[in-house]
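Please look over the sequence and the model before reading on.

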Amino acid sequence: MQIGAQLFTLRTYLQTESDIRISLKKVAGMGYKVVQVSGLGKIDPHVLREICDENGLKIALTHNSAERILYDTDALIEEHNILGCDYIGLGGMPEKYRSGFWVEQFAKDFMEPAKKMAAAGKYFMYHNHAFEFLRLENGKLLLEVLMETMPAELMGFTLDTYWVQAGGGDVLQWLDKLQDRIPCVHFKDMTVQGNEHIMAPVGEGNLNWPAIIKKLEEMGKTKYALVEQDTCQESPFVCLKKSRDNLIGFGCHD
């Protein structure tokens, strides 16, 4: 399992080609060898691949809009061929699907793009937030309905540790439930200020990282542990560095 940087953490510093070059050099300098592409400004995929190659960075996963996945699938697949990336991710479920009836429609709408991706040697990845832990009228969690309606061979889950915790879920339990479908996970920590949940560098919040890492290593099915921090109380570059250093301290080696 390789430790990677989810570039959404640095999105403010990734909106121009020159900033992308500077920022990715800094990411590589921290020791990261893997990144997830998310939150970047417009850049030619050939140029992005070149920048990553220059810095010894592999692109493991991306996040894309629902519109591109649904209506620009072929071009998206070709871009991922250029990037050398096998995992095509959806960063968040469009709001209209977040209910009992429409969550089943999600599978009907995204099945064909997922099939195209699979035929091209790619894998469609879904990233969770907290709302997937809503319990529907049939007693099932929205996340459980997603698991049942989208076959494992067509859709995996980028399990986000922070959002599982925020949704009232048990991270270790969900790693067990999704173990065949989580080639990528998001490592994100949670602390509190008063009654407010705050995102923190991995290892500086309250999640049980030794147990999470041990579980993933025992399962042996996750390729990439991608560090993400949507909001930072200090420089996001400092946060990414702290997270990686703490993970190394926990015995998580890439």
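The model is predicted.

**Helix packing**

Two helix pairs are described here. In the pair formed by α1 (residues 17-29) and α2 (residues 45-54), the axes lie 10 Å apart and the packing angle is about 25°. Angles under 35 degrees count as roughly parallel, and α1 and α2 are therefore roughly parallel to each other. The crossing of α1 past α2 is right-handed. On the α1 side, the residues that meet α2 are Glu17, Ile20, Arg21 and Leu24. On the α2 side, the residues are Val47, Leu48, Glu50, Ile51, Cys52 and Glu54. Sorted by class, this contact of α1 with α2 has six nonpolar residues, four charged residues and no polar ones.

The other pair is helix α4 (residues 73-83) with helix α5 (residues 100-119), whose axes cross at roughly 35° and come within 10 Å. Here, too, α4 passes α5 in a right-handed crossing. From α4, the contact uses Thr73, Asp74 and Ile77, while α5 supplies Pro113, Lys116 and Met117. Three nonpolar, two charged and one polar residue make up the contact of α4 with α5.

**Cysteines**

How many disulfides does a search of the whole structure find? The search finds zero. A disulfide is a covalent bond between the sulfur atoms of two cysteines. For Cys184, the closest cysteine sulfur belongs to Cys85 and is 7.9 Å away, which is too far for a bond. Cys184 counts as buried because its relative accessibility is 0%. Cys252 is in no disulfide either, and the nearest cysteine sulfur, in Cys184, is 14 Å from that of Cys252. With a relative accessible area of 1%, Cys252 is also buried.

| Residue | Other residue | Separation in sequence | C-alpha to C-alpha distance |
|---|---|---|---|
| Asp160 | His129 | 31 residues | 7.1 Å |
| Phe133 | Trp163 | 30 residues | 9.3 Å |
| Lys177 | Glu78 | 99 residues | 32 Å |

Asp160 is part of strand β6 (residues 155-160). Is Asp160 buried or exposed? The relative accessible area of Asp160 is 0%, so Asp160 is buried. Apart from neighbours within four places in sequence, the residues in contact with Asp160 are His127, Asn128, His186, Lys188 and Glu228.

Phe133 sits in the loop between β5 (123-127) and α6 (142-149). At 10% relative accessibility, Phe133 counts as buried. Which residues does Phe133 touch, not counting those up to four places away in sequence? Phe133 touches Asn128, Leu141, Leu143, Trp163, Val164, Gly167, Gly169 and Trp174.

Lys177 is placed in helix α8 (residues 171-177). A relative accessibility of 39% makes Lys177 partly exposed. Leaving out neighbours within four places in sequence, Lys177 is in contact with Glu144 and Met147.

Notes:
Residues are numbered from 1 along each chain as its sequence is written. This is a predicted model: local features need pLDDT of at least 70, side-chain atom pairs count only at pLDDT 80 or more; totals for chains, interfaces and linings use all residues. Side-chain values use heavy atoms; hydrogens and water are left out. Axes are lines fitted to C-alpha atoms, for helices over the stretch in contact, and angles run from 0 to 180 degrees between N-to-C directions. Helices (H or I, at least four residues) and strands (E, at least two) are DSSP runs, numbered from the N terminus. Angles under 35 degrees count as roughly parallel, over 145 as roughly antiparallel, 65 to 115 as roughly perpendicular and the rest as oblique. A crossing is left-handed if the near helix is turned anticlockwise from the far one by less than a right angle, and right-handed if clockwise. Contact means heavy atoms within 4.5 Å. Ala, Val, Leu, Ile, Met, Phe, Trp, Tyr, Cys and Pro count as nonpolar, Asp, Glu, Lys and Arg as charged, and the others, Gly among them, as polar. A disulfide is a pair of cysteine sulfur atoms within 2.5 Å. Buried means under 20% relative accessible area, exposed over 50%, partly exposed in between (1.4 Å probe, protein chains only).
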